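Visitor: I have a model open and want to learn how to read it. Where do we begin?

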Amino acid sequence: MRKNFGTKSWFYPLPVLIIGTYNADGTADAMNAAWGGLYDSDKVVLCLSAGHRTTANIKRSGAFTVSFADAAHVVPSDYVGIVSANSEPKKMEKSGFHVTRSEFVEAPLIDELPVALECRFLKVNEDGNIIGQIVNVSADERVLDSDGSIDFAKFRPISFEPTHNAYHVLGEKVGNAFRDGGSLK
């Protein structure tokens, strides 16, 4: 038997995306955004309201980074989502995050978060969502395996669980994509 909940914004898993931008004065900013994802094979979509400083920064600078929050950095990742740079000028300093300028776009990479998409702003679509072109994916060597690929067990990305407002770590491998289903052919 199923229980009906009606219309809810429950989507599983929701990635915990940390969006990095530069403010007009050149200082770094970051915000937590769970509503975003791939828009195409080389594009991302971010559902950000117009009132966010991050939204204004993206439109002004034409660039942003999308870092994936990990289990080791739940507290600062949550902090940049509950505190607005519009009211807290020392938001990044208080978060404990440090940044390095991307060599591909005019946006900061968050040193503590090991995997990031570096994006060029393309447009705001008809729904008001930000669309960006992925120009580079970077990963810190600390989360790579011996073949130079991202090792999920070392990375330990987190997901937002909207029913209970919780973060969960992802990581257990349960199958092989584009292969396991072949046994049913």
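Visitor: What is the order of the strands in the open sheet?

Guide: Keep in mind that this model is predicted. The order is S3-S2-S6-S9-S10-S5-S4. That makes an open sheet of seven strands, with antiparallel pairing.

Visitor: Which are the edge strands?

Guide: Look for strands that pair on one side only. Here they are S3, residues 28-33, and S4, residues 36-40.

Visitor: By how many degrees are neighbouring strands turned against each other?

Guide: On average by 35°, with direction ignored.

Visitor: Now one pair in detail. How many bridges join S5 to S10?

Guide: Four bridges. S5 covers residues 43-46 and S10 covers residues 130-139, and the two run antiparallel. For a position to check, find Lys43: its opposite residue in S10 is Gln133.

Visitor: Which strands does helix H1 touch?

Guide: H1 spans residues 53-61 and packs on the sheet. It touches S2, S3, S5, S6, S9 and S10. The direction of H1 makes about 55° with that of S2.

Visitor: And which strands does helix H2 touch?

Guide: S2 and S3. H2, residues 74-82, also packs on the sheet, and its direction makes about 95° with that of S3.

Visitor: Let me try a loop residue. Where is Ser49 found?

Guide: In the loop between S5 and H1.

Note on methods
Residues numbered from 1 in each chain as written. Predicted model: local features only at pLDDT ≥ 70, side-chain atom pairs only at ≥ 80, totals over all residues. Heavy atoms only, no water. Pairing = 2+ DSSP bridges. Axes fitted to C-alpha atoms, helices over the stretch in contact; angles between N-to-C directions. Contact = heavy atoms within 4.5 Å.
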